[in-house]
Amino acid sequence: MPKFKRIGRVLIILYLLLTTMLYFLQEKIIFLPSELPQDYIYSFSEPFEEFFLTAEDGAKLNGLHFKCENPKGVILYFHGNAGDLSRWGEIVTFFAQKKYDVIVMDYRTYGKSTGKLSETALFKDAQLFYDYALENYNEDELIVYGRSLGCSIATYTASKNKPTKLVLETPFYNLLQVAQKRFPVLPVKWLLKYKFESNKYITAVTCPTTIFHGTEDAVVPYESGKKLFRLATGKKEFITVKGGGHNDLINFKAYTANIDIALK
């Protein structure tokens, strides 16, 4: 009996330790930034300008603005949770080559961007870049695009404004659902400081919405995107990418054949 008590105490201690670690280390789990020196020089195949915006708390936020002659519109792109603009700038050249101007930002602590992370700060920063876009374009030219974690930021931003389109690539229903799937035995509902409740934001989006999701997504389950889609109001479309994972939809015809329609 004493042996079972000792085992029980060890299990309780381990559980408490894991719970504590998840609470204090959650930013390192959610956000996977890579830093760039301030003098880093970007290089891409399409014309662009680098710029910085200053948040109300003084954070310096780095952005790239891809420009082409006679653009079809402008895409405000919110990227995923890993990397920096040296990577994401390369990814969005796909849209620049389709003759769209593209504005993409690095979140706080990513690349050259500074500032302290919080969900509220991220949403305010997103609005700052939306306002920057409005200084250069009419709102009826503006498409908000989100990928993975950026889908939640994009959906929130679209819910507070009136862009012409919202396009989401591999979105999650909310972060709690993702965390519960990854840590099923821990009380994540009480531990998460970041909610990213896309399921709430999407009900206030008034523009047409298109969601792309792969059936073999090992990071954000396909059903999570479907569940979010069911809550979308107004004109909407869900594109199933059969066999698609989390980071490779561009390699599938279901994506490449429908992205032009989604942006049009």
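The questions and answers below concern a predicted model of a protein chain.

Me: What percentage of the residues of the protein chain count as buried?
Reply: A residue is buried when its relative accessible area is under 20%. The protein chain has 264 residues. The share of them that count as buried is 50%.

Me: Among contacts between residues at least 6 apart in sequence, what percentage join residues at least 24 apart?
Reply: Contact here means heavy atoms within 4.5 Å. In the protein chain, among contacts between residues at least 6 apart, the share that join residues at least 24 apart is 70%.

Me: How many aromatic pairs does the count come to?
Reply: Two rings pair if their centres lie within 6.5 Å. By this rule the count comes to 23 aromatic pairs.

Me: Tyr77 and Tyr145 form an aromatic pair; is it stacked or edge-to-face?
Reply: The ring centres are 5.1 Å apart, with 15° between the planes. Planes under 30 degrees apart count as stacked, so this angle decides the matter. The pair of Tyr77 and Tyr145 is stacked.

Me: How many residues apart in sequence are the parts that this pair ties together?
Reply: Tyr77 lies in strand β4 (residues 74-78), while Tyr145 belongs to strand β7 (residues 142-147). Both Tyr77 and Tyr145 are buried. The parts tied together by the pair are 68 residues apart in sequence.

Me: Which helices does the pair of Phe123 and Tyr156 link?
Reply: Phe123 and Tyr156 are stacked, 4.0 Å centre to centre and with 10° between the planes. The two residues are 33 residues apart, in distant parts of the chain. Phe123 is in helix α3 (residues 119-136) and Tyr156 in helix α4 (residues 149-160).

Me: Which residue lies over the face of Trp88?
Reply: Trp88 is in a cluster linked by ring pairs, with Tyr77 and Tyr145 among the other members. The residue over its face is 4.4 Å from the ring centre, and it is Arg87.

Me: Is Ser148 buried or exposed?
Reply: Ser148 lies in the loop between β7 and α4. Leaving aside neighbours within four places in sequence, its contacts include Gly80 and His246. Its relative accessibility is 11%, so Ser148 counts as buried.

Note on methods: Residues are numbered from 1 along each chain as its sequence is written. This is a predicted model: local features need pLDDT of at least 70, side-chain atom pairs count only at pLDDT 80 or more; totals for chains, interfaces and linings use all residues. Side-chain values use heavy atoms; hydrogens and water are left out. Rings of Phe, Tyr and Trp (its six-membered ring) pair if their centres lie within 6.5 Å; planes under 30 degrees apart count as stacked, over 60 as edge-to-face and the rest as tilted. Helices (H or I, at least four residues) and strands (E, at least two) are DSSP runs, numbered from the N terminus. Buried means under 20% relative accessible area, exposed over 50%, partly exposed in between (1.4 Å probe, protein chains only). A charge sits over a ring if NZ of Lys or CZ of Arg is within 6 Å of the ring centre and within 35 degrees of the ring normal.
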